[in-house]
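Student: I would like to learn how to read a pocket and a helix in a model. Can we work through an example?

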Amino acid sequence: MVDRIEIVGIGRTCAKERWTRGLVDLAVEAAGAALDDGGGVSPSAVIVSNALGGALGDQQNLGTFTASHIGLGKVETHSVSSDEASGGAALRLASALVGAGMHEAVLVVGAEKTSDALPDELESVRANGLDATREAGFGFGPAVASGLGMQRYVAQHGIDRSLFYHLASTAHLHGARNPFAFLPWELSFDQYIHSPVLADPLTVCDLAPNCDGGAAVLIRKGSERSSSSVNILGSASVSAPTGISEPIISLSLGAAAHCATLALRDAGLSIGDLSFLDLHDSSSFIAALSIEAVGLAKPGEALLLAKDGHFRFDGPAPLWTFGGLKARGNAPGADGLYQVVEATLQLRGDAGKSQIDGADRAFVQCLGSFGATAVAHVLG
Amino acid sequence: MHFARSWRQQSSNLRLVGSRCASCDAIFFPERIRCTGCGSSELKDYRLSGRGTISTVTRVFEAPRGFESQVPYFAALVELEEGPIICAMLTDVDQEDVSVGKKVSMVTRRILAHGDDGPIIYAYKFTPELEG
Ligand SMILES: [Zn+2]
């Protein structure tokens, strides 16, 4: 990264179903919190990320509507949509605007309103984040794709499917400490193993729950003055050929792996320098491949490391310290920004019961379209 | 779904017509208008045989909108003998017939009905080939 980008303000909404809040309201609530936290820094541009709103019949051109509803006049606005990678993509574009000297400060907001839609309608719209014609159009949604992936993962690596429990239980262990989480409780093995099968062997407990959410980050060109500030040390975004078959057949996420390498190189760090991480866990399958993609585990070993407590808050590589998508909740268009907000809380030492001791370097990565889009940020 | 969209997909849905690159011979399904291998835009329609093997398969108990009536169904990745991998449902199949490596072939079935007055989509599903 050429210039330091500083995170000066953060905000997020509680990831529960919010019957009284619409899509724009969620964006405004999170944006307002980030501005309040921002020490008077005033953005001259606003970028809003959202994955599903337009397809669910909700507000379009969210950038302009959000800016208007928070009372920011005459600012540059954009709307970004890259499936569940939308939030990360928006932050990367905002950083580019600041890095290029086009704006001093930019407000990045992610929002998603899932609870207005009926479950089957929501699943159909989410499925269109995969290949709308050849996958969604043939009854293949995110759950089916991950079910196929788990089938192959279990068969190829010769492991028991119940080992996937340890990914979900790690997320829930951490989510139980997060008052903003959608499912803030620990997950027992009994609950996991008896939960309803959606796409064999994938169960309800292998899939991150959809939730309502908003998360926002206010960034500005970094000043060298403050050593306590949180900065974007590096970032990258990489795409790969679309289609669910490649990740399932190869049991790997090529874009996620390459993106992680580029982002860490950009920051001048290696994976061992990180105090904690947040990776995409829209399903147990994607979570396992994400862990292996960034090099935290060898192929087929993510679940075993999780079983050994490797990714717990007190383990060597804490992961999903606020519960990840699995326990905090999946608000697709806001996912990437929740990660950044939560990482910033850790790095500030403001994470409360979720605090990782001595947290000073973070890696966050969000993925869209079953891993075909990857966006990563290194913070510190 | 719009009528124009389902009309556009007819040859691929009903006859498994993909594309073959005139420059590098790469075969694609679904059809492409530009070769993702060599960049050539000289692609010709190419009808695939409809024979393949199951790469991975899952039994689906909760389906997206429009597919509920078919639950539970088998959803598979089928590797066609020409190379492309296709997402498709299995049909006319018993649980014991479903396994990785099983040879399957294409049949045409109703995939989806869009409400009471929308188009009914017919397209490919796969069924186990008879032994011997
Ligand atoms: Zn070619």
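Tutor: Start with the lining of the largest pocket in this predicted model: its residues divide into 18 nonpolar, 11 polar and 8 charged.

Student: How is such a pocket found, and how much space lies in the largest pocket?

Tutor: Rolling a probe the size of a water molecule over the atoms shows where empty space is left. Here the largest pocket holds about 980 Å³ of space. Its lining has 37 residues, and those nearest the centre are A:T242, A:G243, B:F29, B:P30 and B:R32.

Student: Which elements give two or more residues to the lining of the largest pocket?

Tutor: From chain A, α8 (245-250) and α9; from chain B, α1 (3-8), β2 (27-28) and β6 (85-90). The most comes from α8(A), with 5 residues.

Student: Which residues of α9(A) are buried, and which are exposed?

Tutor: Buried means under 20% relative accessible area. In α9(A) that applies to A:A255, A:A256, A:C259, A:A260, A:A263, A:L264 and A:A267. They lie on the same side of α9(A), because they cover an arc of only 150° around the axis. A:G254 and A:R265, on the other side, are exposed.

Student: What covers the buried residues of α9(A)?

Tutor: The cover includes β8 (230-239), α10 (284-293), β10 (362-368) and β11 (373-379) of chain A.

Student: How far apart are the end C-alpha atoms of helix α9 of chain A?

Tutor: At 1.5 Å a residue, the 14 residues of α9 (residues 254-267) should span 20 Å, and the end C-alpha atoms are 20 Å apart, which agrees. After α9(A) comes A:G268, with a positive phi near 70°.

Methods
Residues numbered from 1 in each chain as written. Chains lettered and ligands numbered in written order. Predicted model: local features only at pLDDT ≥ 70, side-chain atom pairs only at ≥ 80, totals over all residues. Heavy atoms only, no water. Helix = DSSP H or I, 4+ residues; strand = E, 2+ residues; numbered from the N terminus. Expected span 1.5 Å × (residues − 1). Buried < 20%, exposed > 50% of the residue type's maximum accessible area, 1.4 Å probe, protein only. Arc of directions from axis to C-beta. Contact = heavy atoms within 4.5 Å. 1 Å grid on protein atoms, 1.4 Å probe; cavity = no way out; pocket = protein on both sides within 12 Å on 5 of 7 lines; lining within 4 Å. Points joined across faces, edges and corners; volume = space filled by probe spheres on them. Nonpolar A, V, L, I, M, F, W, Y, C, P; charged D, E, K, R; others polar.
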